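The structure is shown first, and the notes follow by topic.

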Amino acid sequence: METPHQEHINKDDFQHVYEPAEDSFLLIDALEKELNFLKAFNPFSCLEIGSGSGVIITALGMALPNSLYFCTDVNFKACLMSKSTALHNRVGLECVNMNLAMCFQNKMFDIVIFNPPYVVTGSEECMSNGIEASWAGGNKGREVIDKLLDLIPKILTDQGIFYLLLIEENIPEEVKQIMLNKGYKSKLIIKRQVKNENQLVLKFYK
Ligand SMILES: C[S@@+](CC[C@H](N)C(=O)[O-])C[C@H]1O[C@@H](n2cnc3c(N)ncnc32)[C@H](O)[C@@H]1O
């Protein structure tokens, strides 16, 4: 999958918005591995939660040009950057400054993607809507993740797929069990060690 151009972004803007890193590229690599499946699936609508710079949803939009693209972020500056990354790469994207996907209902999305704030921190740290929201995940690094897990059945179509990046500290087995209880199977798509972090991308589907 092609990496979106980002020359339009001023380096200083990454003081306020998450700069694409190994986790962002692992998710892009996971989608690349899934590309033949995704082309055959031909999703009508795709949503990235917490899009940051917009590099992931834009890469998907470049690879699958016939779908509709949406993203959300609690950080308003991230919304502006996501929109601009998509625009500069000729991808149509609607970005909403929103907590997770709280305002979406009615099983609207065939694909949902989340590279969450996954670092284990104190709970009080994950209340921000600034740059700290990029990493602060609270208890087990799961406080934001678990809220989204509860929303998935409300926003994902019945044939839809949810791709989620986790690290070992998030206890992926627990996440799989939570989703199994909601009726979703899971599959490991890709795993990589980055410094002292074991990152993985799981796919959830009915
Ligand atoms: C690890 S960064 C990932 C950014 C981008 N997707 C990437 O992979 O480069 C997590 C992103 O989630 C956003 N975020 C954190 N909590 C959120 C929430 N409750 N709702 C929406 N976005 C959130 C952050 O602002 C940040 O942009």
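Two residues are in contact when heavy atoms of theirs lie within 4.5 Å. By that criterion, among contacts in the protein between residues at least 6 apart in sequence, 69% join residues at least 24 apart. The model is a predicted one.

**Overall fold**

- The protein has six helices and seven strands.
- Along the sequence, these elements follow the order α-α-β-α-β-α-β-β-α-β-α-β-β.
- The radius of gyration is 15 Å, close to the 17 Å that the globule rule gives for 206 residues, so the protein is as compact as a globular protein of that length.
- Taken along the principal axes, the box filled by the C-alpha atoms is roughly 40 × 40 × 35 Å.

- Of the 206 residues in the protein, 52% are buried.

**Helix 3**

- Helix 3 spans residues 55-63, and eight of its nine residues are buried, so this helix is largely enclosed by the rest of the structure.
- The buried residues of helix 3 are Val55, Ile56, Ile57, Thr58, Ala59, Leu60, Gly61 and Ala63.

**Ala59**

- Ala59 belongs to helix 3 and has a relative accessible area of 1%, so it falls under the 20% limit for a buried residue.
- Ala59 and Pro4 are 55 residues apart in sequence, yet their C-alpha atoms are 5.8 Å apart in space.
- Apart from neighbours within four places in sequence, Ala59 is in contact with Met1, Glu2, Pro4 and Ile28.

**Arg142**

- Arg142 sits in the loop between strand 4 (109-114) and helix 5 (143-155).
- Arg142 counts as buried because its relative accessibility is 4%, where the limit is under 20%.
- A polar atom of the Arg142 side chain lies 2.8 Å from the backbone oxygen of Asn170.
- Not counting residues up to four places away in sequence, Arg142 touches Gly137, Asn170, Ile171, Glu174, Val175 and Ile178.

Key:
Residues numbered from 1 in each chain as written. Predicted model: local features only at pLDDT ≥ 70, side-chain atom pairs only at ≥ 80, totals over all residues. Heavy atoms only, no water. Helix = DSSP H or I, 4+ residues; strand = E, 2+ residues; numbered from the N terminus. Rg over C-alpha atoms; globule rule 2.2 N^0.38 Å. Buried < 20%, exposed > 50% of the residue type's maximum accessible area, 1.4 Å probe, protein only. Polar contact = N/O pair within 3.5 Å; in protein donor to acceptor, adjacent residues only side chain to side chain.
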